[in-house]
Amino acid sequence: MSLKAETDKQLIGTGLKRRTEEALANEFLRKAVSFTTDKLKTGKLQATDEFGSWEAWRERGREIRKHVVENLDYYLTQFSDNVAKAGGNVYFCSTGEEAVQTFLDIAKKRDAKLVAKGKSMVSEEIRLNHRLEEQGIEAIETDLGEYILQLAQETPSHLIIPAIHKNKQQIADLFSNEAGETFAPDTKVLAGYARGRLRNYFLEADIGLTGCNFGVAESGAITLVSNEGNGRMVSTVPPCHVVIMGMERLVPTYDDLEVMLNLLARSATGQKLTTYTSMITGPRREGELDGPEELHLIILDNGRSAQLGDPVFQEVLHCIRCAACLNACPVYRHVGGHTYGSVYSGPIGAVLTPLLQQDMKEAGQLAYASSLCGACYEACPVKIPLHDMLVQLRARKVKQGFTPLAERIAFKTFQTAFGHVKLYKLAARSAYYALKPFAKRGYLKKAPGPAAGWTQSRHFPMLAERPFRDRWSELQRELKRQPAKAASAANEADAHANQEQPPQGGRQHD
Ligand code: SF4
């Protein structure tokens with residue numbers, strides 16, 4: 001199975017079915033993803049139980065994010081003014097292309113040839129590495145998971161554990177190939193190699209690039225959280241630090257930051273606090289021992305502001321990218337992140353990707369990559385109703401006419417039949433006789449035509465020979481004529497129905 005980057009808009013929807021089938025056929029991937037997401041989920045539950053009053057913290061988190069997003073213009077101004085006061089340069093970019101050009105201009109002025117990158121989903125979103133490569137600038141990922149993926153030429157398949165689908169042997173093969181010597185699939189050996197290799201990049205890089213977990217509006221502090229310490233190296237060792245952040249990633253005050261850091265660490269990895277939490281306010285000042293000479297902050301819109309004011313989708317901007325919804329999602333846990341064909345995967349990716357790309361035709365297909373069970377909402381530390389949004393996205397796709405012709409005809413027919421009693425009765429009778437040859441002991445084991453998907457992994461109950469409404473009216477009539485006899489006949493019919501069992505080799509429809 002090829003897990004190479006498929007970030008091209010055209011491939012998101014068109015390739016979804018193929019990628020899903022490939023992922024489902026990849027037993028290793030399925031086991032690896034569900035093993036790690038299970039661990040993350042269990043860690044989260046423990047951390048939130050220990051914490052106590054988790055629901056109250058979630059509610060507080062939701063209120064903070066809601067307040068920020070509702071007053072985004074105010075906090076963006078306050079934050080950017082404070083970053084500038086501290087000596088940083090601020091750039092607002094409407095599109096990914098603008099952000100890339102801004103970065104290239106900074107790199108050109110510094111004659112940069114090497115960029116050391118900390119983990120940044122926004123830079124993945126705008127495909128920055130690809131563009132830097134075109135310009136002859138080498139960009140090296142310094143987050144271990146991202147470094148592994150860079151060697152494998154793949155995109156992240158999880159928001160916080162990008163190489164969730166790789167095992168030690170695969171990583172050892174990648175490192176051996178890179179180093180020209182053979183490494184054992186041993187965590188210490190592999191981490192040791194990566195550490196030694198990356199250290200030089202920190203020292204030699206012309207620019208350090210990071211994302212921003214939260215910008216603190218009251219001070220202009222850029223908050224970075226990481227478990228590897230590479231974010232701290234990238235933001236302090238190279239002479240120039242460039243930060244790329246989504247425009248919504250703000251909190252008003254340090255008090256609010258405390259709430260969000262608790263929610264983020266516990267939801268993401270089950271930690272009380274992430275190992276390294278850095279707050280960077282401006283470049284190095286006179287007399288300070290470390291820090292970059294220049295700090296540049298690129299604030300990216302790229303489809304985010306289009307959600308402001310939208311009664312349904314504005315809340316998607318509350319997301320703090322903790323990935324708890326991925327870990328809880330039964331679809332993600334079976335197929336992993338590359339299936340989504342977007343840098344943002346799982347339930348949040350299925351909502352965010354079509355909205356940011358403003359593309360319901362292709363990216364809108366992701367709205368169907370969900371069972372709508374609501375586990376994502378339960379897991380979300382800021383209570384984003386992703387399952388409701390997925391339903392609304394499906395409705396939007398239908399309204400915009402992007403559903404296949406066969407589906408539109410099927411639903412039109414369904415609407416017509418259900419709108420007229422006589423037609424409905426006729427359709428129900430016809431369906432019974434059409435399906436009868438495929439039924440066995442009251443169940444359909446293999447449904448015909450487009451309905452086959454329903455019976456691939458479960459048995460579907462056969463339509464009743466006599467519809468309930470006919471039996472009900474007859475029973476009412478009988479009850480009026482001979483009450484005792486009618487009641488006994490009804491009980492007998494119930495007992496008979498309860499004895500019907502589905503054929504072996506599948507499970508009942510649920
Ligand atoms: S939607 Fe919620 S659970 Fe999912 S990544 Fe965002 S904040 Fe985390």
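Housekeeping before that: residues are numbered from 1 along each chain as its sequence is written. In this predicted model, local features need pLDDT of at least 70, side-chain atom pairs count only at pLDDT 80 or more, totals for chains, interfaces and linings use all residues, and side-chain values use heavy atoms, with hydrogens and water left out.

So, confidence. Mean pLDDT, the predictor's per-residue confidence from 0 to 100, is 91, and 95% of residues reach 70 or more. Residues 1-7 fall below 50, though that stretch has 22 contacts beyond near neighbours in sequence, a contact being heavy atoms within 4.5 Å.

H3 has 25 residues and reaches 36 Å from its first C-alpha to its last, close to the 36 Å expected at 1.5 Å a residue, where the expected span is 1.5 Å times one less than the number of residues. At its N-terminal end, Asn26 is the cap, with a side-chain oxygen 3.3 Å from the backbone nitrogen of Phe28. Just after H3, Gly52 has a positive phi of about 75 degrees. Buried residues (under 20% relative accessible area, 1.4 Å probe, protein chains only) in H3 include Leu29, Val33, Leu40 and Lys44. Their cover includes helices H2, H4 and H13.

Last, Lys166, in the loop between H9 and H10. Buried or exposed? Lys166 counts as buried, because its relative accessibility is 16%. Beyond four places in sequence, its contacts include Phe28, Ile148 and Glu154.

Conventions. Helix = DSSP H or I, 4+ residues; strand = E, 2+ residues; numbered from the N terminus. Buried < 20%, exposed > 50% of the residue type's maximum accessible area, 1.4 Å probe, protein only. Polar contact = N/O pair within 3.5 Å; in protein donor to acceptor, adjacent residues only side chain to side chain.
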